[in-house]
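Thanks for taking a look at this one with me. My notes follow as numbered points, starting with the terms behind the pocket discussion.

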Amino acid sequence: MIVAENLSKVFTMGENEVRALDGASFTINEGEMVAIMGPSGSGKTTLMSIIGCLDVPTDGRYVLDGEPVESLNESELAQVRGRKIGFVFQQFNLLARTSALENVMLPQLYAGATMKERTERAKKALERVGLGARMDHNPNELSGGQQQRVAIARALVNEPSIILADEPTGALDSKTGVEIMSLFQSLHRDNGQTVILVTHDSYVARHTDRIIRLSDGHIVSDEKNPSPIKAGAARDEEH
Ligand SMILES: Nc1ncnc2c1ncn2[C@@H]1O[C@H](COP(=O)(O)OP(=O)(O)OP(=O)(O)O)[C@@H](O)[C@H]1O
Ligand SMILES: [Mg+2]
């Protein structure tokens, strides 16, 4: 469970201060699927960085699964990140000239695991996202939607309880974007993963159970979406 109390984040640049977050409070329960919306510069990515333990607030409290995150040092934060959080980005952030399988294998923790076990896990994650038949392809041999599926498989490989996605459909056409939302919905439904995604697109947001809106670092609305759009079952693996 994610508990944010009065989160603020101030960036100091020379003499200027930018208040990226300004007293944001909310709770996100395990297994929720939430969209974060708001204009450019409203603090969405800053908030995701704090939720994802990539950064810490300047003020306020962030408690993740009962653990006050502000008290953790860099290496403890990295551990929490690795164990609990999977990240997905707008531009996929895959390594070029590296196969889908290798991209998914890279972030694996399990220091004790054999190469075979790590390979199996990565294959399973790629199958989960419908890319079992594309494992040996490099990113430039995959469509945008397929590249985002590889990135989602990479986010899943350590079995995180929380998936954080910053504009995951932002670089995709709307049909492919809906397919990616369908995949997030099925992860949320089948694995009970908490999914938090940032989007500018209100149609994308309506695929989630709850929409939090930010403006100037404040939460201006936080509403349940009683009837999320069902994007349908995830597309089957291509053969
Ligand atoms: N590392 C940083 N150093 C200085 N200022 C920053 C930093 N990161 C973000 N900011 C500032 O904080 C504010 C919020 O930025 P943030 O990236 O969180 O916005 P956003 O809502 O994600 O915007 P977008 O929709 O354009 O991605 C902006 O004014 C931005 O310029
Ligand atoms: Mg952003």
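1. Elements first: helices (H or I, at least four residues) and strands (E, at least two) are DSSP runs, numbered from the N terminus. Please keep in mind that this is a predicted model, in which local features need pLDDT of at least 70, side-chain atom pairs count only at pLDDT 80 or more, and totals for chains, interfaces and linings use all residues. Residues are numbered from 1 along each chain as its sequence is written, chains are lettered from A and ligands numbered from 1 in the order in which they are written, and side-chain values use heavy atoms, with hydrogens and water left out.

2. The largest pocket. On a 1 Å grid over the protein atoms alone, a pocket is an open set of points with protein on both sides within 12 Å along at least five of seven lines, while a cavity is a set where a 1.4 Å probe fits but cannot get out; lining residues have an atom within 4 Å of a point. Grid points are joined across faces, edges and corners, and a volume is the space filled by probe spheres set on the points. The largest pocket comes to about 250 Å³. Of its 12 lining residues, Gly-82, Ile-85, Phe-87, Pro-107 and Asn-158 are the closest to the centre. Two or more lining residues come from each of α2, β6 and α5 (144-156), and β6 gives the most, with 4 residues.

3. The lining of the largest pocket splits into 7 nonpolar, 3 polar and 2 charged residues. Here Ala, Val, Leu, Ile, Met, Phe, Trp, Tyr, Cys and Pro count as nonpolar, Asp, Glu, Lys and Arg as charged, and the others, Gly among them, as polar.

4. The sheet that holds β6. An open sheet of 6 strands runs in the order β6-β7-β8-β3-β9-β10, with mixed pairing; two strands pair if DSSP finds at least two bridges between them. Its edge strands, β6 (85-89) and β10 (218-224), each pair on one side only. Neighbouring strands are turned by 15° against each other on average, direction ignored. Axes are lines fitted to C-alpha atoms, for helices over the stretch in contact, and angles run from 0 to 180 degrees between N-to-C directions.

5. Inside that sheet, β3 (residues 33-37) and β8 (residues 194-198) are parallel and share 4 bridges. Ala-35 has Leu-197 in β8 as its bridge partner. Helix α2 (residues 74-84) packs on the sheet, touching β6 and β7 (162-166), and its direction makes about 80° with that of β6; contact means heavy atoms within 4.5 Å.

6. The other sheet. Here 4 strands form an open, antiparallel sheet in the order β2-β1-β4-β5. β2 (16-28) and β5 are the edges, each with a single partner strand, so one side of each has no neighbour in the sheet. β1 (residues 2-13) and β4 (residues 59-64) are joined by 5 bridges, with Ser-8 opposite Asp-59 and Val-3 partnered by Val-63.

7. A turn worth a look. β4 and β5 form a hairpin with 2 residues between them, and Asp-65 in the turn has a positive phi of about 50°. The two strands share 2 bridges, and Val-63 has Pro-68 in β5 as its bridge partner.

8. Which residues line the largest cavity? They are Met-1, Ile-2, Ile-28, Asn-29, Glu-30, Asp-65, Ser-161, Ile-162 and Thr-194. The volume of the largest cavity is about 50 Å³, and its lining has 4 nonpolar, 3 polar and 2 charged residues.

9. Overall. The chain has 7 helices and 10 strands, and its C-alpha trace spans about 50 × 40 × 35 Å along the principal axes.
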